[in-house]
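Please look over the sequence and the model before reading on.

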Amino acid sequence: QLQLVESGGGLVQPGGSLRLSCAPAGGFTLGDYAIGWFRQVPGKEREGVSYISSVDSSTYYTDSVKGRFTISREDAKNTVYLQMNSLKPEDTAVYLCAALSEGIVPTMTLNPYEYDYWGQGTQVTVSS
């Protein structure tokens, strides 16, 4: 079963940047899956942040991060990244990556219930 491992979280000041990484544990090829980044704050629903397709690497972002976050794949390293710039205190959360198997059409979904495999998450704290 595919297991995902996130890294790159930490404490950053408002306006700063972080780059999160999502990689598989074991011999899976991440390029075979669409990847979504989600974030979770205690007491709130899990929120979809960004998506990248396995079909054509098309991307999708939730409105609150558009223009600040960028999702990308590096197939040579079997890794998906989430570059986060201009961070705000409201971006503070546990960030999780998740994978789903797509067909021949990008799903363009950030519905967490459609994702099959999840990582444990990495904490991002934006504070002065």
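Predicted model: local features only at pLDDT ≥ 70, side-chain atom pairs only at ≥ 80, totals over all residues.

Residues are numbered from 1 along each chain as its sequence is written, and side-chain values use heavy atoms, with hydrogens and water left out.

**Overall fold**

The protein chain has zero helices and eleven strands. Helices (H or I, at least four residues) and strands (E, at least two) are DSSP runs, numbered from the N terminus. In sequence order the pattern reads β-β-β-β-β-β-β-β-β-β-β. The C-alpha trace spans about 45 × 30 × 30 Å along its principal axes. The radius of gyration, taken over C-alpha atoms, is compared with a globule rule of 2.2 Å times the number of residues to the power 0.38. For 128 residues a compact globule would have a value near 14 Å, and the protein chain, at 14 Å, agrees with this.

Contact means heavy atoms within 4.5 Å. Of the contacts between residues at least 6 apart in sequence, 60% join residues at least 24 apart. The chain exposes about 6,500 Å², of which carbon and sulfur atoms supply 46%; accessible areas come from the Shrake-Rupley method with a 1.4 Å probe, and for residues only the protein chains shown count as cover. Buried means under 20% relative accessible area, exposed over 50%, and partly exposed in between (1.4 Å probe, protein chains only). By that rule, 42% of the 128 residues count as buried.

**Nonpolar cores**

In soluble globular proteins, nonpolar side chains tend to be buried together. A nonpolar core is here a set of buried Ala, Val, Leu, Ile, Met, Phe, Trp, Tyr and Cys residues joined through side-chain atoms within 4.5 Å. The largest one holds 26 residues, and those touching the most other members are Ile-35, Trp-37, Phe-69, Val-80, Leu-82, Met-84 and Tyr-95. Among the elements that give two or more residues to this core are strands S3 (18-25), S4 (34-40), S8 (79-84) and S9 (93-100). S9 supplies the largest share, four residues. A second, separate core has seven residues, including Ala-34, Phe-38, Ala-98 and Tyr-115.

**Salt bridges**

A salt bridge is a side-chain nitrogen of Lys or Arg within 4 Å of a carboxyl oxygen of Asp or Glu. The whole structure contains four, and the table includes some of them.

| Pair | Distance, N to O |
|---|---|
| Arg-39 and Glu-47 | 2.7 Å |
| Arg-39 and Asp-91 | 2.9 Å |
| Asp-63 and Lys-66 | 2.9 Å |

Asp-63 is exposed, because its relative accessible area is 60%, and Lys-66, at 48%, is partly exposed. Salt bridges that share partners join Arg-39, Glu-47, Arg-68 and Asp-91 into one network. Arg-39 counts as buried, because its relative accessibility is 7%, whereas Glu-47, at 30%, is partly exposed. Asp-91 is buried, as is Arg-39. Arg-39 in strand S4 and Asp-91 in the loop between S8 and S9 are 52 residues apart, and the pair links distant parts of the chain.

**A loop residue**

Where is Ser-58 found? Ser-58 sits in the loop between S5 and strand S6 (59-61). Its side chain makes a polar contact with the side chain of Asp-56 at 2.7 Å. A polar contact is a pair of N or O atoms within 3.5 Å; within protein, one must be able to donate a hydrogen and the other to accept it, and residues adjacent in sequence count only if both atoms are side-chain atoms. Leaving aside neighbours within four places in sequence, Ser-58 is in contact with Tyr-51, Ile-52, Ser-53, Pro-106 and Met-108.
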